[in-house]
Amino acid sequence: MTPSIEHNRNIALKKLLGNRARTLPRGITSVCSAHPLVIEAALMRAASDDAVALIEATCNQVNQDGGYTGMTPRDFRRFVENIAAAIGFPIDRLILGGDHLGPNPWRKLPAEEAMAKAEAMIAAYVEAGFEKIHLDTSMGCAGEPVALADELTAERAARLARMAEQAALRSRLRPPVYIIGTEVPPPGGATHALDELEVTRPEAVMDTLAVHRTAFAKAGIESALERVIAIVVQPGVEFGNANVVLYRQDRADGLIGALDRMPGLLFEAHSTDYQPADALAALVEGGFAILKVGPGLTFALREALYGLDAIASVLAGRVLSDAIHATMDAVMLENPGHWNSHYGGSDEEQRLQRHFSYSDRIRYYWPDEKAAAAVETLLARFEGDIPETLISQYLGRVYPAVVARKVLPRARDLCLAAIDAALEPYSAATIA
């Protein structure tokens, strides 16, 4: 890592972490999920690393209208803090963030109506104590182009930042740090097969910073610009339904060099799910110090649940009539809104994608009452230890840890271990 990148990293992470971290890490993992087992696993991983936990909610998951989880920002904070209390994780080492905060949930409305809703959402997040805010106003609303000009995007971002500053002042809370830039697919991920991505051009990054500097000044919130710690860029990583584009540092060298011209700023990398450990380490080394992950964690959980489902059938000596795979398919078919615009092809291809896509649209359905009941029924089938040989057969991701006696061969422990196995490479990449 060059001295300038390391200097930028230290400044930005210090603004984010404050006095929470005993030692300043190389980077930080941003866990973007609302699943209770994912949150628990993330907090347990942070505890074992003696690290700060950064948990984020998206505008679609959590907003003043409830989002698809049914939670407001204040509800989400209580939800995460209750999990932390249950496992003994210190609240003072927890940071909550809001991802893609902007008009996206209401983009079918006229722009002014959608922005008014976005302002209310931003205020709700800040008043609930969320300290890291990603401003994402790049999407067009009713009657507008799909993607907006940089100047209008920055103007709307500054409008939301001003609302955040006012909300913090009213609530007597420390004002948040900000993430700007939107060089990623919209919330939910890519919807098509991917071959190779165009890495963000250095000039585009400098333009993003310049237009936001102008917009923040025009909005009278120059001090808020000092708390912008990172810019979202495309380093060349993404996943579609069936494939993953891996990071290649040689393609991002020009982008990395732009950090030399942006004192105190880092890059935030979205869609790092499914990247191998060496790629994650290279991202952090190059200044992409905030690594976002979400679908990859619920994908690991879904693998574990389906593996347990198969084990339950083996132990019962028959295919169970209430198998979780069948329940989830029925739930998704009853309410196709979260997947049908993302999955194409024949009926059979769509069926496979519903369950096994890297995009993991099934994650939207775990809060459903029928889905939650099916998970509880599945876990309740296992009263004691599960045979190691069946764990080897159906839960290969966690089998080595079970054999090494690091993980108990119990259903719930295996689910948490599967999520942790997906988190471990992030710890290796970010912890100093």
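Tutor: Before we start, domain bounds come from an automatic or database domain assignment. The model above is a predicted one, and its chain is assigned domain 1 (3-293) and domain 2 (298-419).

Student: How far apart do the C-alpha centres of the two domains lie?

Tutor: The centres of domain 1 and domain 2 are 29 Å apart. The domains also meet in a contact, with 19 residues from domain 1 and 19 residues from domain 2.

Student: How do you know how many disulfides the structure holds?

Tutor: We look for cysteine sulfur atoms within 2.5 Å of each other. The count comes to 0 disulfides. Take C32: its nearest cysteine sulfur belongs to C59 and is 9.4 Å away.

Student: What makes C32 and C141 buried or exposed?

Tutor: Buried means under 20% relative accessible area. C32 has 12%, so C32 counts as buried. C141 has 4%, so C141 is buried too.

Student: What makes a set of residues a nonpolar core?

Tutor: The members are buried residues of nonpolar kinds such as Val, Leu, Ile and Phe, joined through side-chain atoms within 4.5 Å. The largest such core here has 128 residues, and I55, F76, L135 and L308 have the most contacts inside it. Helix 16 (residues 411-430) gives the largest share, 11 residues. Domain 1 and domain 2 each supply at least three residues to this core.

Student: Which residues does I55 touch?

Tutor: Leaving out residues up to four places away in sequence, the partners of I55 include V31, I39, L43, F76, V80 and L96. There is also a second, separate core of 17 residues, with L16, V177, I229 and L266 among them.

Student: Why is helix 16 called largely enclosed?

Tutor: Of its 20 residues, 14 are buried, so helix 16 is largely enclosed by the rest of the structure.

Student: How do you know how the span of helix 16 compares with the one expected?

Tutor: From first C-alpha to last, helix 16 reaches 29 Å, and 28 Å is expected at 1.5 Å a residue, so the two values are close.

Student: Where does helix 16 bend?

Tutor: The bend is at A422, by about 35 degrees, and a proline, P425, follows within four residues.

Terms used
Residues are numbered from 1 along each chain as its sequence is written. This is a predicted model: local features need pLDDT of at least 70, side-chain atom pairs count only at pLDDT 80 or more; totals for chains, interfaces and linings use all residues. Side-chain values use heavy atoms; hydrogens and water are left out. Buried means under 20% relative accessible area, exposed over 50%, partly exposed in between (1.4 Å probe, protein chains only). Helices (H or I, at least four residues) and strands (E, at least two) are DSSP runs, numbered from the N terminus. Contact means heavy atoms within 4.5 Å. The bend at a residue is the angle between axes fitted to the seven residues ending there and the seven starting there.
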